[in-house]
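Please walk through this structure from its overall build to its aromatic side chains and its surface.

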Amino acid sequence: MWGTEFSGPEAARRNVLEGVVNIICDQKDSDKDALALIEHLLRSLGMRLVYMDSLSHDTHLAYVSHIAHISSFALANTVLEKEKEEETIFNLASSGFESTVRLAKSNSETWVPVFKQNKENVLDVLNEYISQLRKFKSSLEKENWTYLNELIESSNKIKKVLDKKQQDKNQPAGLINKA
């Protein structure tokens, strides 16, 4: 899977799909010749293929894609609401802030239908995200620095997952079967 916050022909880039995962849903329900053709096409673009059923697809994308967009939209709105001086945002926004709100530049015409179609899964992961935010808020309010440290250290486990993703992305195009 690949994309940016930009859209239109000017956002096109060369070789962007090399090593990128393409999810093929419900392969058993697909015409075998059509499936073989699309698999060949995607592999020729250097893509890695993942197979899963469409319900799993919607669930997993809510967890790793849709919540990231909502989080970015919400953070951008929070900063715009609280920080009224655009120059301050411009001068103080670090690369961390910029990368965190990068998705907030995404097109609403793309994301409203996605959220609408996958509403139940998005609400599920959004409830968990709010629960996690409450843990951070509570640890700050109660000055429970030990728990805050535990929350941060727990989140650091994502590094191992993302490092593995980077290693896998550098491997030749292939097959990942999640069916």
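The model is predicted. Its chain has 179 residues, of which 23% are buried. The secondary structure consists of 8 helices and 3 strands. Read from the N terminus, the order of the elements is β-α-β-α-α-α-α-α-α-α-β. Of the contacts with a separation of 6 or more, 75% are between residues 24 or more positions apart in the chain. The accessible surface amounts to about 13,200 Å², and carbon and sulfur atoms contribute 55% of that surface.

Next come the aromatic rings. A pair of aromatic rings is described by two quantities, the distance of the centres and the angle of the planes. How many aromatic pairs does the structure hold? There are 2. One of them joins F73 and F115, with 6.4 Å from centre to centre and 85 degrees between the planes, an edge-to-face arrangement. The angle qualifies because planes over 60 degrees apart count as edge-to-face. This pair connects distant parts of the chain: F73 sits in helix α2 (residues 54-82) and F115 in helix α5 (residues 108-117), 42 residues apart. F73 and F115 are both buried.

The other pair is formed by W111 and F115, whose ring centres are 5.5 Å apart.

Are W111 and F115 buried or exposed? The relative accessible area of W111 is 12%, so W111 is buried. For F115 the value is 18%, so F115 is buried as well. The cut-off that decides this is 20% relative accessible area, under which a residue counts as buried. Taken together, the ring pairs link F73, W111 and F115 into a cluster.

Which residues make the nonpolar surface patch of about 230 Å²? The patch is made by I38, L41 and L45. I38 lies in helix α1 (residues 32-44). With a relative accessible area of 35%, I38 is partly exposed, because that class lies between the limits of 20% and 50%. The value for I38 also meets the requirement that patch residues have over 30% relative accessible area.

Note on methods
Residues are numbered from 1 along each chain as its sequence is written. This is a predicted model: local features need pLDDT of at least 70, side-chain atom pairs count only at pLDDT 80 or more; totals for chains, interfaces and linings use all residues. Side-chain values use heavy atoms; hydrogens and water are left out. Rings of Phe, Tyr and Trp (its six-membered ring) pair if their centres lie within 6.5 Å; planes under 30 degrees apart count as stacked, over 60 as edge-to-face and the rest as tilted. Helices (H or I, at least four residues) and strands (E, at least two) are DSSP runs, numbered from the N terminus. Buried means under 20% relative accessible area, exposed over 50%, partly exposed in between (1.4 Å probe, protein chains only). Patches are made of residues with over 30% relative accessible area and no salt bridge: like charges are joined within 9 Å, nonpolar side chains (Val, Leu, Ile, Met, Phe, Trp, Tyr) within 5 Å. Accessible areas come from the Shrake-Rupley method with a 1.4 Å probe; for residues, only the protein chains shown count as cover. A salt bridge is a side-chain nitrogen of Lys or Arg within 4 Å of a carboxyl oxygen of Asp or Glu. Contact means heavy atoms within 4.5 Å.
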